[in-house]
Amino acid sequence: MTASFFEYQRFSPAPADIREALERHYGEQGVPYYSLISRGVQFNQFVGILQIGSFTIEVLPKIDRVTGDQDWRKVLIDMLRKVEGLDLKTTENADLRLKPNSILDLYMELFVTEVAYLMHNGLTKSYRKTEGNRTALKGRLVFAQQIQQNLVHAERFYVRHTTYDRENAFNCILYKTLRLLARICTHPNLRGRITQLLLDFPELPDIAVSEAVFQRLPWSRKTEGYRKAIGIARLLLLNYHPDIRGGQEDVLALMFDMNQLWERYILMVLRRSAPADWTVEGQSRDLFWHAEGFHAHLKPDIVLRGPADRTVVLDTKWKLLDGNRPSDQDLRQLFAYQHQWKADDGYLVYPDRELNCVHGKFNNPSHHCHILGVNVLQGQQLNPDLGQAIWTELLQTYG
């Protein structure tokens, strides 16, 4: 069963077992993507999938609550495709087999396709050191363990040797993810493909995964083809929270901060459409305050550098303005960015129904602040000309 909601919408009243599972997942520290309310939850600025057992909650983005016929699930998937670098051809083929534009099924489909490709081309092998009792002398005899374990077993040898096989961190992560998908996947076609992959996959030990495990992976030319599959495996494994009471209400939280997704999407479209004499920087960082043992930095979302030492800072905000009136906090933040980066112009970039720019200035002759609403949608899809439209508006400022 699937229930769909939008950002900041409430799920109340929620079924008792779903509410209880979400409470356990929330814990004492809380989670950023929803808040507990009486008899239910309220979602925040995060969008994506919460799967509790066989019950799926979709949280979708929406610029406003007026547009009722817009397929926001498709908008979110298209944005993730572009920002996360998902293979467009693969996802288009996947849409033909899956229920229309399911976010979780999309990631599972991509992972299954990648693993099938890797298995078709042969899983990578590597050397590893092993030791134990063998019936033949292979490698180096470990005398202390040989005397301890095989004193009355002359037919056995306790040896330490090097093995060249498929038991390595990369394949163990893929195997663990396949086993996870076999547990949580509810789509019949995908379940069949996952089961077949598990039958063909070599049986490997179950390893404990953490962020540190993924950071320490020894990437090389031989394992470069694993990057996409490992990236999706990391997303799924690190966001899976099993029901430790042994119940059936395991929680998988595949959630994305819509503010960060919007920032990365604008950064991507600007880079793709940038004029030859302009550069686009994302998340530049500069020290603006320090004391003994303390320091603080400023990080504007986007910094544009053009000819004649022109600098423009952009601060992206995923929210719909009321009458083109930004909040005082947004204006103060942009002013600090402009002052620190010595930029003449700054833009607050918001989603809007159409391209709309309001020119303004601070009470400072050298700092201009513009409110740029951009039409992220064109009909029922993402605006393919968004980057070029933004650049056209920005360059008009310089005549």
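This is a predicted model: local features need pLDDT of at least 70, side-chain atom pairs count only at pLDDT 80 or more; totals for chains, interfaces and linings use all residues.
**View 1. Strands E16 and E17 are partners that run parallel.** Strand E16, made of residues 310–316, is joined to strand E17, made of residues 345–352, by 5 bridges. Within this region, Asp-315 stands opposite Leu-348 in E17.

**View 2. An open sheet is formed by 6 strands.** The strands follow the order E12-E15-E16-E17-E19-E18, and their pairing is mixed. Strands of a sheet pair through backbone hydrogen bonds, either parallel or antiparallel. Strand E12 (279–282) and strand E18 (356–361) each have a single partner strand and stand at the edges, so one side of each is left without a neighbour in the sheet. On average, and with direction ignored, neighbouring strands of this sheet are turned by 20° against each other.

**View 3. Helix H12 packs on the sheet.** This helix, residues 386–396, touches E12, strand E15 (302–306), E17, E18 and strand E19 (368–375), and its direction makes about 155° with that of E19.

**View 4. Helices H4 and H9 pack against each other.** On the H4 side, the residues in contact are Leu-104, Tyr-107, Leu-110, Phe-111, Glu-114 and Leu-118, which meet Lys-228, Ala-229, Ile-232, Ala-233, Leu-235 and Leu-236 in H9. Sorted by class, this contact has 10 nonpolar residues and 2 charged residues, with no polar ones.

Conventions. Residues are numbered from 1 along each chain as its sequence is written. Side-chain values use heavy atoms; hydrogens and water are left out. Axes are lines fitted to C-alpha atoms, for helices over the stretch in contact, and angles run from 0 to 180 degrees between N-to-C directions. Helices (H or I, at least four residues) and strands (E, at least two) are DSSP runs, numbered from the N terminus. Contact means heavy atoms within 4.5 Å. Ala, Val, Leu, Ile, Met, Phe, Trp, Tyr, Cys and Pro count as nonpolar, Asp, Glu, Lys and Arg as charged, and the others, Gly among them, as polar. Two strands pair if DSSP finds at least two bridges between them.
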